[in-house]
Amino acid sequence: IHIHETNPMKPFPWQTENWNKLQLANQADRLTHAVLFTGPVGIGLEHFSRCLTASLLCENSEGDTHACEDCRSCHLIKGESHPDLFIIEPEEPGKQIKVDEIRKLIDSIHLKSQYGRYKIAVISPADAMNRNAANSLLKTLEEPPEHSLFILLSHRPNLLPITIRSRCQHMRFNPACDDETLRWVNENLQSGENAEDLLKMAGGAPLA
């Protein structure tokens, strides 16, 4: 599948329901300090988390739930250099996330926000944390610093310790085969391919 003209700061069509839930919670000042996003490979967890962090850190997003793409924060996010956003990933795919990386994250997220908004950590995949790393994170999830948000991504949440899962709001992204998703797949397929058949073969995961 070839994705064209996808807005890097707006969620995919099949993510709209979850997006609206989080935005309503944020507007009501009820956004939890830790969320766990799960779903099949190809459902777009990374893209959704990027859209969410951008909207929360954007300096002009009050009237619109999406990031403006033009402010200082949005440009820093695009350049992967925002001082209040921390992305924690294994050094190589398939490797573990080690305790030293989580400790460094915790030290940083306890500092005051440089731009006066959230301090956000995205851990992907969260199930790559080894036992010591997970235990270190747990202490902070139990007593999170003010205006912090931890976003954990996992296609295999059963591999996460139950203690970590119990400290997060769980949001699942289910397989999607509705008309709007099919329309999106059709727009991003090579001509002549059957979107409905391919989406079923991919288990309702459009990016797969």
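This is a predicted model: local features need pLDDT of at least 70, side-chain atom pairs count only at pLDDT 80 or more; totals for chains, interfaces and linings use all residues.
## Helices α4 and α5

Helix α4 spans residues 99-109, and helix α5 spans residues 131-142. Their axes come within 8 Å. They cross at roughly 20°. That angle falls under 35 degrees, the cut-off for roughly parallel, so α4 runs roughly parallel to α5. The crossing of α4 and α5 is right-handed.

Four residues are listed on the α4 side of the contact: V99, I102, R103 and I106. They meet N132, A133, S136, L137 and T140 in α5. By residue class, the contact of α4 with α5 holds five nonpolar, three polar and one charged.

## Aromatic pairs

A pair of aromatic rings is described by two values: the distance of the centres and the angle of the planes. In this model the count comes to seven aromatic pairs. One of them is F12 with W14. The ring centres of F12 and W14 lie 4.7 Å apart, with the planes at 10°. Planes under 30 degrees apart count as stacked, so F12 and W14 form a stacked pair. Both F12 and W14 are buried.

W19 and F48 also form an aromatic pair. Here the geometry is edge-to-face. The distance is 5.7 Å centre to centre, with 85° between the planes. W19 lies in helix α1 (residues 16-27), and F48 lies in helix α2 (residues 45-57), so the pair ties together parts that are 29 residues apart in sequence. Both W19 and F48 are buried. W19 and F48 also belong to one aromatic cluster, together with F37 and F173.

## Residue D197

D197 sits in helix α8, residues 195-201. Its relative accessible area is 43%.

D197 and S61 are 136 residues apart in sequence. In space, the two are 38 Å apart, C-alpha to C-alpha.

## Residue N158

N158 lies in a loop. The loop is between β4 (148-154) and α6 (162-166). Relative accessibility of N158 is 59%. The cut-off for exposed is over 50%, so N158 counts as exposed.

N158 and D127 are 31 residues apart along the chain. Their C-alpha atoms are separated by 8.3 Å.

Notes: Residues are numbered from 1 along each chain as its sequence is written. Side-chain values use heavy atoms; hydrogens and water are left out. Axes are lines fitted to C-alpha atoms, for helices over the stretch in contact, and angles run from 0 to 180 degrees between N-to-C directions. Helices (H or I, at least four residues) and strands (E, at least two) are DSSP runs, numbered from the N terminus. Angles under 35 degrees count as roughly parallel, over 145 as roughly antiparallel, 65 to 115 as roughly perpendicular and the rest as oblique. A crossing is left-handed if the near helix is turned anticlockwise from the far one by less than a right angle, and right-handed if clockwise. Contact means heavy atoms within 4.5 Å. Ala, Val, Leu, Ile, Met, Phe, Trp, Tyr, Cys and Pro count as nonpolar, Asp, Glu, Lys and Arg as charged, and the others, Gly among them, as polar. Rings of Phe, Tyr and Trp (its six-membered ring) pair if their centres lie within 6.5 Å; planes under 30 degrees apart count as stacked, over 60 as edge-to-face and the rest as tilted. Buried means under 20% relative accessible area, exposed over 50%, partly exposed in between (1.4 Å probe, protein chains only).
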